[in-house]
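Please keep the sequence and the model in view while reading.

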Number of protein chains: 2
Amino acid sequence: MALVLFLLQWLEAHFIVFNYRLDFFIGSIAIVFTVLGIWLALKLVKPKVETRIIEKEIYIESTPPTAINQTEIANLGISKRELDVLQLMATGLSNEEIAEQLFISLNTVKTHSSNIFLKLEVKRRTQAVEKAKRLNIIN
Amino acid sequence: MALVLFLLQWLEAHFIVFNYRLDFFIGSIAIVFTVLGIWLALKLVKPKVETRIIEKEIYIESTPPTAINQTEIANLGISKRELDVLQLMATGLSNEEIAEQLFISLNTVKTHSSNIFLKLEVKRRTQAVEKAKRLNIIN
DNA sequence: AGCAAAATCACCCGAAAGTATGAAGACAAA
DNA sequence: TTTGTCTTCATACTTTCGGGTGATTTTGCT
């Protein structure tokens, strides 16, 4: 602002020189301040950012020698007992049968399977088994 | 530009009125064109494009080229439609969702799955999927 | 055309699965 | 010791599955 005021003073002081060329003078003012405006805008306004999201498809071959993916299990936060249930689930056993196998109650199996579904982000046991096999959580 | 020139003409035509207030006049010009500059900058500057690449993992069924066992399907007497249901069942869909996929009613899906269980000699859908995959009826 | 298998759908009912919530003991880590 | 996770179990409720039965329509084949 101080700079601008000084500039105005200077321009006025030299006005007589340019008096016979008022058009040119005003045009200069206009151009100078247009440039100033542009500069201000560019300098002070946050740059527009247009985010363009590109999904890059990465094909992952599930390891042929079907090694159980311990990392994935840890990532998903699946506990030992939940893994037990998941394993039996994959063989097609009912919750009741799983309970008998593991010597725990039906309710406990239900709790475990609910937690499994949450962690695997699925809705049904069939999906859980499908995803678990795909991720090599079970074999 | 034409607009700007016209504006200048108009301003000059009214110059006498503002003559005794040159400071004010110049200041006005300055402000107007500063604003014009700002507007131009905001309007014309291309937004920065920020490209964000998101890696989307796609898992590939790396199961060896196990050919689907048509003989087994025939032996078990599984029909085309039943195979359709079985296939969708293996992806973890509910009967309701299968019905939507195949444009048939829920009851029909139930009938098909019941028949599948009979022919595969299993009690549950999870077992059906497990056995079907084992027999290479589906992939 | 006529028959048989396949496909479609409906209704009922019980079983199984799944959700929500709460709670208590075990055990390891902070 | 406290904190947090895991495991266990329960109760109540909703949803989905599966079995049984019967019926109509389509379709393929002779």
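Helices here are DSSP runs of H or I with at least four residues, numbered from the N terminus, and contact means heavy atoms within 4.5 Å. The model is a predicted one, in which local features need pLDDT of at least 70 and side-chain atom pairs count only at pLDDT 80 or more, while totals for chains, interfaces and linings use all residues. Residues are numbered from 1 along each chain as its sequence is written, chains are lettered from A and ligands numbered from 1 in the order in which they are written, and side-chain values use heavy atoms, with hydrogens and water left out.

After α5(B) comes Gly92(B), whose phi is positive, near 95°.

Thr126(B) belongs to helix α8 (residues 125–134) of chain B and is buried, with a relative accessible area of 7%. Leaving aside residues up to four places away in sequence, Thr126(B) touches Met89(A), Gly92(A), Arg125(A) and Thr126(A).

DNA strand C is surrounded by 18 residues, of which the closest are Lys110(A), Arg125(A), Ser79(B), Ser105(B) and His112(B); a residue counts as near the strand if one of its heavy atoms lies within 4 Å of it. The table lists polar contacts, pairs of N or O atoms within 3.5 Å.

| Residue and its N or O atom | Atom of DNA strand C | Distance |
|---|---|---|
| Asn95(A), backbone | phosphate oxygen | 3.0 Å |
| Lys110(A), side chain | base oxygen | 2.9 Å |
| Arg81(B), side chain | phosphate oxygen | 3.1 Å |

Two or more residues of the surface near DNA strand C are given by each of α6 (95–102) and α7 (106–120) of chain A, and α5 (80–90) and α7 (106–120) of chain B. The largest share, four residues, comes from α7(B). By class, this surface has two nonpolar, nine polar and seven charged residues, where Asp, Glu, Lys and Arg count as charged, Ala, Val, Leu, Ile, Met, Phe, Trp, Tyr, Cys and Pro as nonpolar, and the others, Gly among them, as polar.

How values were computed: Buried means under 20% relative accessible area, exposed over 50%, partly exposed in between (1.4 Å probe, protein chains only). A polar contact is a pair of N or O atoms within 3.5 Å; within protein, one must be able to donate a hydrogen and the other to accept it, and residues adjacent in sequence count only if both atoms are side-chain atoms.
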